[in-house]
Amino acid sequence: GARLERGENADYTIDYANAEITFMPRRILTNAARIVVDFEYNDRQFTRSLTAAKATGNLFSERLQFGIMFVQEKDDRDAPVDLSLTDADREILQKAGNDRMLSLKSGADYAGPGKGQYILVDTVIARPNQADTSIQIYRFQPEDTVNAVYVVRFSYVGPGSGNYRKVTSGRYEFTGWHAGTYEPVSFLPMPESHTLLDFNFNGRLTGDMTVSGEYSASSLDKNTYSPIGDGENAGHAFGLTANYSPKNINIAGINFGSVDLQLRERFTDSRYAPIGRVNDVEFARIWNTQDSVRGDEEIREMTLAYSPQDVITIGGGYGLMKRGGDFRSERYSGNGAIRGNMLPLVEYNIEKIGTANLSAQTEGNWIRHRGQAEYSSGIFTPRLKIFFEELKNRSSITDKLTAGSYRYREAIPGIAAGDANSFMVTGDIGFRDDDSLAGGFLIRASKDILHHYGLQFRGWKPLSTNLDLIVSKRTFTEAFVS
């Protein structure tokens, strides 16, 4: 749940050429690590234009602000980059509509004797519940300078759809009928046109109450060569949020503290296509949507936080999500915190998420606890972190736990001594128990003890340095050794 920092002296580095992330030694990676990578890419298949316009205004002495935004990204289908499309290619695209799997052409080109890497051979395959079938396949055999006359490009088509597997770069081999993930085909690039129109407002009804809303309409044409499926290009979404946040509530001369109440409603059409990501990075974890299908999505949330004093906050929340008519997720949360000078820091959070998926006939129950406490006395700061998670996914039919279920408990006591701006020594020891699925039940899988000792020096301006020593020892139970 922590956002990491990039850099050789921080958490990770990026090699853009290989699309590879390398974590620095200060971040030890185990099976317990949860890594989420948020990225964008541009394939540059066509020359693309971007048009954007935005206008804002206000009324009633700025008590109401509003805005409108228009954005369009559009590929020029007559200006492809690093490729040329033949009339036959355009005809394929015109018939493909928005279905990328229909924008295929053969990936094999005849190169001539001594210039190819693949030969074309006849073979017979056994297909499930069908008679044996004679087909032709490509075999990597560049040493055969007489028969290896083909140069073949392979494309990833997904599990259960391909007949080839990738061995190394440029080399693929036949695996059997639909036993691979690649096919000797090329996907023709499909020029897109993406338009978004957005209206939003923010109004202050009273000094303590605000209301904000947004309506957005999108149109995504995934293939401007073809009119097929254009009736499904348009989508819309809207959201409404109300905040009530009175401060220092005074009744009969008594200060009862502050309250922050928020109500939120959001609806997203299944065809709505935002220009960028609009959900939280860990949206799937927040609502446990791993096995849900795409569909119209409705979210309702309520959160309440109460601070009887500035240093104390307690609160909770409720959320309901419906997606596609078959998926439902309910989320309850509670939290409390004490923060202040000369006081210990104490934080505790609990979440419970219940899900039901009618189409997959599964149910989920996810409980998460997270807490920490620390107190500074002189140069010493003892501290403690605790974590607990239990996710039980089960079949609605058999009532047995299914893949993905797990449970763990973790406690990390530690201490820091010194000053973060000069010289500091830290030490933490983590104790973790993991339970995993075996025979339809969660049983103890492993125990882990992790030592983390650190030394930090910042006392001399020309020199700063860190030294970290991390040792992890994980012991598996007999049932999970293999």
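Where is Leu 29 found? Leu 29 lies in the loop between strand S2 (20–23) and strand S3 (46–59). The points below begin with the model as a whole and return to this residue.

1. Basis of the model. This is a predicted model, in which local features need pLDDT of at least 70 and side-chain atom pairs count only at pLDDT 80 or more, while totals for chains, interfaces and linings use all residues. Residues are numbered from 1 along each chain as its sequence is written, and side-chain values use heavy atoms, with hydrogens and water left out.

2. Overall form. The protein chain contains 2 helices and 30 strands (DSSP runs numbered from the N terminus: helices are H or I with at least four residues, strands are E with at least two). Its radius of gyration is 29 Å, well over the 23 Å that the globule rule gives for 482 residues, so the chain is more spread out than a compact globule. The radius is taken over C-alpha atoms, and the rule is 2.2 Å times the number of residues to the power 0.38. Along its principal axes, the C-alpha trace spans about 90 × 65 × 60 Å.

3. Of the 482 residues, 29% count as buried (buried means under 20% relative accessible area, exposed over 50%, and partly exposed in between, with a 1.4 Å probe and protein chains only). The chain exposes about 29,800 Å², of which carbon and sulfur atoms supply 53%; accessible areas come from the Shrake-Rupley method with a 1.4 Å probe, and for residues only the protein chains shown count as cover. Among contacts (heavy atoms within 4.5 Å) with a separation of 6 or more, 53% are between residues 24 or more positions apart.

4. Leu 29 and the nonpolar patch. Leu 29 is partly exposed, at a relative accessible area of 46%. Together with Ile 21, Ile 35, Val 37, Phe 39 and Tyr 41, Leu 29 forms a nonpolar patch on the surface, with about 650 Å² of accessible area together. Patches are made of residues with over 30% relative accessible area and no salt bridge; like charges are joined within 9 Å and nonpolar side chains (Val, Leu, Ile, Met, Phe, Trp, Tyr) within 5 Å. A salt bridge is a side-chain nitrogen of Lys or Arg within 4 Å of a carboxyl oxygen of Asp or Glu.

5. Helix H1. In helix H1 (residues 87–96), the buried residues are Asp 89, Leu 93 and Ala 96. They cover an arc of only 60° around the axis, which puts them on the same side of H1; the arc is that of the directions from the helix axis to the C-beta atoms. These buried residues pack against strand S5 (104–106), whereas Asp 87 and Lys 95 are exposed on the other side of H1. Just after the helix, Gly 97 takes a positive phi of about 60°.

6. Lys 74. This residue belongs to strand S4 (residues 64–80) and is partly exposed at 40% relative accessibility. Not counting residues up to four places away in sequence, Lys 74 touches Thr 47, Arg 48, Ser 49, Glu 192 and Ser 193.

7. Asn 163. This residue sits in the loop between strand S10 (155–156) and strand S11 (164–168), and at 9% relative accessibility Asn 163 counts as buried. Beyond its neighbours within four places in sequence, its contacts include Phe 174, Trp 177, His 178 and Tyr 182.
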